[in-house]
Amino acid sequence: MSASVNLSSNASIDDVGVSSNNTSLQENCGVLVGPSQVTIPIHVITLLASLVGNTLLITVFVKIKEPIMLLIANMAVSDLLVAIFLIPRLITRDIIASNAFLVHGNGGQFICKMCTFLSDISLSVSTQSLVLIAVERFLAVMYPMEYKKITVKVRRFLVASTWIMAMAFHSPYFYTMRLVANDNHQECQSSWEPAFDNRTQWHPIEVKGELDESENATGIYKGWS
């Protein structure tokens, strides 16, 4: 009996020692650099590099007006949208340590929709531009005669198509993106209500579970038959 009491007392002492060590460790770790102190400089450097680099690239294209640079300049313009509409929001979120949207009212609704829309179509346009550049380089190497048929008008049409497709694909943002009240602040979130209730959303995991149950029921029926 005394041995068990000694063991329990030793265990409690060890727990106290571990908890005190963890507390002291957390206090010591409190002086370490937090995530926001790391991400803010990274976002600021990325913002400046994107603004300077893409602006210089667009300036070079405007001066030389080389048709082969049109798709690259198109990608640079789309990347500027990320630097203008997305990265500042990330920096603001890191500074205030919250997803709260600082602009309210109708102006806040408009900014919420437009900032999300423009920053996301930028990614779509950049992806399409990379694909078109790859196809163009492939034709220039493998089929040079066909490559010569790609005129300036064709390139302009391709550039316009990247923006049209990106805008069409992200057009639902003008309905779904809105300011949603969350505790004592508002956040820019996506919501399909009231057009679609949350209960009508498709959940792949639930569907798979229903399929598995139906397969099991079919197997039992076959076994009995």
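Leaving aside its neighbours within four places in sequence, which residues is Asp94 in contact with?

## Asp94 and its partners

Setting aside neighbours within four places in sequence, Asp94 is in contact with Ser36, Thr39, Ile40 and His43 (contact means heavy atoms within 4.5 Å). Asp94 is found in helix H3, residues 70-96 (helices are DSSP runs of H or I with at least four residues, numbered from the N terminus). At 12% relative accessibility, Asp94 counts as buried (buried is under 20% relative accessible area, exposed over 50%, partly exposed in between, using a 1.4 Å probe and protein chains only).

## What you're looking at

This is a predicted model, where local features need pLDDT of at least 70, side-chain atom pairs count only at pLDDT 80 or more, and totals for chains, interfaces and linings use all residues. Residues are numbered from 1 along each chain as its sequence is written, and side-chain values use heavy atoms, leaving out hydrogens and water.

## Ring pairs

Search the whole structure and you get two aromatic pairs (rings of Phe, Tyr and Trp, the last by its six-membered ring, pair if their centres lie within 6.5 Å; planes under 30 degrees apart are stacked, over 60 edge-to-face, the rest tilted). Phe117 is buried, at 6%, while Phe174 is partly exposed, at 39% relative accessibility.

Then there's Phe138 with Tyr143, an edge-to-face pair: 6.0 Å centre to centre, 65° between the planes.

Technical notes. Helix = DSSP H or I, 4+ residues; strand = E, 2+ residues; numbered from the N terminus.
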